[in-house]
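The structure comes first, and the notes follow by topic.

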Amino acid sequence: MVSIVAEIPTVWLQISLVGIWLGLILLVAEGLNRFTSVDPEVSRKVVHIGTGNVILLAWWLEIPGWVGITAGILAAAIALISYQVPILPSLNSINRQSWGTFFYAVTISILVAWFWPLQHQEYAALGILVMTWGDGLAAVIGQKYGQHIYRVWGIKKSWEGSATMYVVSFVVSSLILLAVQGNVWQTWAVSAVVAVVAASLESVSKWGVDNLTVPLGSAAIAFFLNQFWVIGNL
């Protein structure tokens, strides 16, 4: 308790910086939703990708884990309310049933609670950014350029979208692992496996559950593969 109290002045500055970023993202998304004729999915993806990058701020600013967990819980509660009351149309103004926003918030709390105490924030960042950038761009590319269609559980997917998910997931994973562990073979091998896992999980998603399975699966496989290879080299 004493340590938490001692952190409060610094934490408020950190929260303020994060709040400014989130406020800008929501303003842009709401502006697109209310004052332009863009597809509602576009404003939703602006929020999806923009808010995901907060994990980099949290990592860089060394925001305490309890702040991230609390923020995720509050965001999950707001998401549940927003399904009944149109608080932020840019989040839920799509014509399909999806619990993606709720799962998104829950995922942030889980990954922060898991990796912050281990001092391996990079895996939380990896999981969340694979979801935000990979899934976000896959949806945009798939809808605009998807010509080769396949179906999983009645849900229409495109090979163009799935390929985008794989490529973006690989790039995101590689950049994060390069920054942490350098240009070693494990970086590229783990990133390749993460990309396959992420693309596979996204392709079988339903009701927005990929916002839970993709980041948790990506972070878990990256963490455990790296731990396995480290132990194997001892």
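Predicted model: local features only at pLDDT ≥ 70, side-chain atom pairs only at ≥ 80, totals over all residues.

Residues are numbered from 1 along each chain as its sequence is written, and side-chain values use heavy atoms, with hydrogens and water left out.

**Helix α6**
- Helix α6 (a DSSP run of H or I, at least four residues) covers residues 100–115 and has 16 residues.
- From first to last C-alpha α6 reaches 22 Å, close to the 22 Å expected at 1.5 Å times one less than its number of residues.

**Thr187**
- Thr187 belongs to helix α9 (residues 185–203) and is buried, with a relative accessible area of 0%.
- Its side chain makes a polar contact with the side chain of Gln181 at 3.1 Å; such a contact is a pair of N or O atoms within 3.5 Å, and within protein one must be able to donate a hydrogen and the other to accept it, while residues adjacent in sequence count only if both atoms are side-chain atoms.
- A polar atom of the Thr187 side chain lies 2.8 Å from the backbone oxygen of Gly182.
- Beyond neighbours within four places in sequence, Thr187 is in contact (heavy atoms within 4.5 Å) with Ser174, Leu177, Leu178, Gln181 and Gly182.

Technical notes. Helix = DSSP H or I, 4+ residues; strand = E, 2+ residues; numbered from the N terminus. Buried < 20%, exposed > 50% of the residue type's maximum accessible area, 1.4 Å probe, protein only.
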